[in-house]
Amino acid sequence: MTSVARNRLTEAAYQCLPGGPLDINRAFYDQVAATAVSAEALRTTVEKFILPIRSGKAWEVRKGDICRIVAVEGAQVGDLNIWSLHNPRERFWASRTRQLQRAHISVYDRLWSTLPYLRPLVTITGDSLKDYGINGSGIDAEGGRIHDLLGTRCDPYVNRMLTGKDNDYHCHSNLTRAIVPYGLTEFDVHDVLNVFQCTGLNDKDQYFMKTCPAKKGDYLEFIAETDVLCALSTCPGGDLSKAMWGEGSAESTNADPTLECCRPLGVEVYRLPDGWLVERGWKEILPNGTAYQGRHAMKEVPFSIS
Ligand SMILES: [Zn+2]
């Protein structure tokens, strides 16, 4: 007799059979994570930069490379977008990732791409906040969890709607400016992963954002499963300890109370030795969508003049 009865209706809805596309090889990704502390200095640096407060930047991460986002000076939220480097129509799909993985992501979770592509763009390999919450459960006493997929980026339109004022440094605008060098526009900016952001749903089922608990040196790290373009915004709300809208906000005080809560973020990209990943069975994940041979029930009608 099992001690806990399974309840199919409240288990994860999206599941696969053992060995299927959601059954990740954890031992392999543990090895990737361990290269960060290997005595053999396996990682070489491809790129490193600091993203100043209230700004955005885009950068490439080639397949098999490892990217780390670091809270270099302490608590700060970052809004992350990801595209296939070679096809910006394939981009990170936050809502499907919530279903295939969960609403707050950590190690072993993957960030999936939009239809008709549908593949993991990256896999999380490191998260210094993975043991956040009560007894390392990932959830705190108020229901807050880290690395949020429930919400999306702040933007100047909702800001204008709520405050009657223009602000050009919300994450949507920071991301828009960041991707101009890649020929992309505002319409390419999409729902984000809120890195280091502590959020949940309150007892009214409303979205809340708590003060970011990241400390100096905390990081989130992922490996690129294909060539990707990333863009990150340092949220103008900083660590989100002060209200951005409503009572107590800049709107009500005619000041900028969130400025002092803003800190830069660091981005680091690393490469493993030639062949290291392939020797351990890694290969680029191709779009699952190519396997679908239907045409949405729209059959081709042969041309005829009779
Ligand atoms: Zn923001």
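This is a predicted model: local features need pLDDT of at least 70, side-chain atom pairs count only at pLDDT 80 or more; totals for chains, interfaces and linings use all residues.
User: Why is Phe-303 called exposed?

Analyst: Phe-303 has 5 other C-beta atoms within 10 Å, and is therefore classed as exposed. Phe-303 belongs to the segment after α6 (276-279). Its C-alpha atom is separated by 48 Å from that of Val-278, 25 residues apart along the chain. Helices (H or I, at least four residues) and strands (E, at least two) are DSSP runs, numbered from the N terminus.

User: Is His-296 buried or exposed, and what makes it so?

Analyst: His-296 counts as exposed because it has 7 C-beta neighbours inside 10 Å. His-296 also lies in the segment after α6, and its phi is near 55 degrees, a positive value in a residue other than glycine.

User: What makes Phe-196 buried or exposed?

Analyst: Phe-196 has 27 C-beta neighbours inside 10 Å, so it counts as buried. Phe-196 sits in strand β9 (residues 193-201). Its phi, near 70 degrees, is positive although the residue is not glycine.

User: How do you know that helix α4 is largely enclosed by the rest of the structure?

Analyst: Of the 8 residues of α4 (residues 171-178), 7 are buried, so the helix is largely enclosed. The buried residues are Cys-171, His-172, Ser-173, Asn-174, Leu-175, Thr-176 and Ala-178. They pack against β2 (56-61), β4 (78-84), α3 (156-163) and β12 (228-234). Two residues are in contact if their C-beta atoms, placed from the backbone, lie within 7 Å.

User: Which residues touch the most other members of the largest nonpolar core?

Analyst: Ile-82, Val-228 and Cys-230 do so, in a core of 60 residues. A nonpolar core is a set of buried Ala, Val, Leu, Ile, Met, Phe, Trp, Tyr and Cys residues joined through C-beta atoms within 7 Å. Leaving aside residues up to four places away in sequence, Ile-82 touches several residues, including Phe-92, Leu-111, Val-228 and Cys-230.

User: What is the peptide bond from Leu-115 to Pro-116, and where is Pro-116 found?

Analyst: The bond is cis, with omega near 5 degrees. Pro-116 is found in the loop between β6 (110-112) and β7 (120-127).

Technical notes: Residues are numbered from 1 along each chain as its sequence is written. A residue is buried if 20 or more other C-beta atoms lie within 10 Å of its own, exposed if 12 or fewer, and partly exposed in between; C-beta atoms are placed from the backbone.
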